[in-house]
Amino acid sequence: MSLSDDGGYGGDGHRGPETGQTRTRLPDSDGDIYGSGRRPRAGMSSRNLVTIVGVIVLLLAAIAFANRGGSGNSETPSGDSPKDTDQSQPTAPTGTKPVTGKNGGIASGFAKTEQGAQSAAANYAVALSSGGMYKSAQRDAIVDAVYTSSVAAGRKESLRKIYTDPKFLSKIGLKADGNAPGGMTFVSRANPVGTKVEKFGDTTATVAVWYSTLFGLAGQGSQNPVAESWYTSTMQMQWVNGDWKVAGFTQKAGPAPIGGDQPAATAKDMSQAVQGFGGFTYAR
């Protein structure tokens, strides 16, 4: 087939010498074998424009959706409240004023609510783990303030046997009267981390208290340095004469976290911390 020099494969710029001979021409690398060479793009094709616009729209929609979680909007339908799958609830203000009463130095007058029962249990865990339990008069006052009257008498006797046992006191480094040796500071303190209502009724409640304890003797040369332990006490509570009281409880070790890499305090620093920092009244 004979092709003219100005045929469909190109313009004048692609002509060879005017020899009049028949020749076959190959298309330019950016040309079209069925038409003239491609022209340089002067703009964007409509297809690419639509694609870019679509991507932008999708990005804007994704950003708007992500921001909904932090804007205070909820996916919960109107009139419904989110369901907490765990029985435990975070400590939060309830609008009820904290207790102001004291019974033997222990908070009293807790509300007849789940929160009130939890607050009472936390405060009672602190009292029952305090150094006062090692002194006869203070121990009896704590028992009277914490336990129901029907349980208190029996608990006083059983606790007396424990806390006056010479072997027990010697093992933890205390003298027979429950006092620390000269130059030593006895530390026995509970620090509640959280509470959980396991059962709740009109006049009864079962509350678990998870807490850490500091226990030992702080002082130079102490053979029983202050150490941290973790426990969970489950208390059976009763509503008696306008307040929550303990009818019985069980205790188990843990759960305990992995210890940190902080260096232990010196005996002097520990003594000063215990003497300088008081405890809390737990209420919500």
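This is a predicted model: local features need pLDDT of at least 70, side-chain atom pairs count only at pLDDT 80 or more; totals for chains, interfaces and linings use all residues.
Me: What pattern does the chain follow, read along the sequence?
Reply: The pattern is α-β-β-α-α-α-α-β-β-β-β-α. In total the chain has 6 helices and 6 strands (DSSP runs numbered from the N terminus: H or I of at least four residues for helices, E of at least two for strands).

Me: How much of the chain is buried?
Reply: Buried residues account for 27% of the 284 residues (buried is under 20% relative accessible area, exposed over 50%, partly exposed in between, with a 1.4 Å probe and protein chains only).

Me: Switching to helices. How do α2 and α3 cross?
Reply: Helix α2 covers residues 114–128 and helix α3 residues 136–146; their axes come within 10 Å and cross at roughly 165°.

Me: Parallel or antiparallel?
Reply: The two helices, α2 and α3, are therefore roughly antiparallel (an angle over 145 degrees).

Me: How many salt bridges are in the whole structure?
Reply: A search finds 3 (Lys or Arg side-chain nitrogen within 4 Å of an Asp or Glu carboxyl oxygen).

Me: What is the partner of K112?
Reply: K112 pairs with D202, and their closest N and O atoms are 3.7 Å apart. K112 sits in the loop between β2 (106–108) and α2, and D202 in the loop between β3 (185–200) and β4 (204–218), so the pair ties together parts 90 residues apart in sequence.

Me: Is D202 buried or exposed?
Reply: D202 is exposed, at 62% relative accessibility. K112 is partly exposed, with a relative accessible area of 39%.

Me: Which residue does K156 bridge to?
Reply: K156 bridges to D144, with 2.9 Å between the closest N and O atoms. K156 lies in helix α4 (residues 149–163) and D144 in helix α3, so this pair ties together parts 12 residues apart in sequence. K156 is partly exposed at 26%, and D144 is partly exposed at 39%.

Me: And R160, which residue does its side chain meet in a salt bridge?
Reply: R160 meets E157, at 2.9 Å from N to O.

Me: Where do R160 and E157 lie?
Reply: Both are in helix α4, 3 residues apart, about one turn of the helix. R160 has a relative accessible area of 38% and is partly exposed; E157 is partly exposed at 36%.

Methods:
Residues are numbered from 1 along each chain as its sequence is written. Side-chain values use heavy atoms; hydrogens and water are left out. Axes are lines fitted to C-alpha atoms, for helices over the stretch in contact, and angles run from 0 to 180 degrees between N-to-C directions. Angles under 35 degrees count as roughly parallel, over 145 as roughly antiparallel, 65 to 115 as roughly perpendicular and the rest as oblique.
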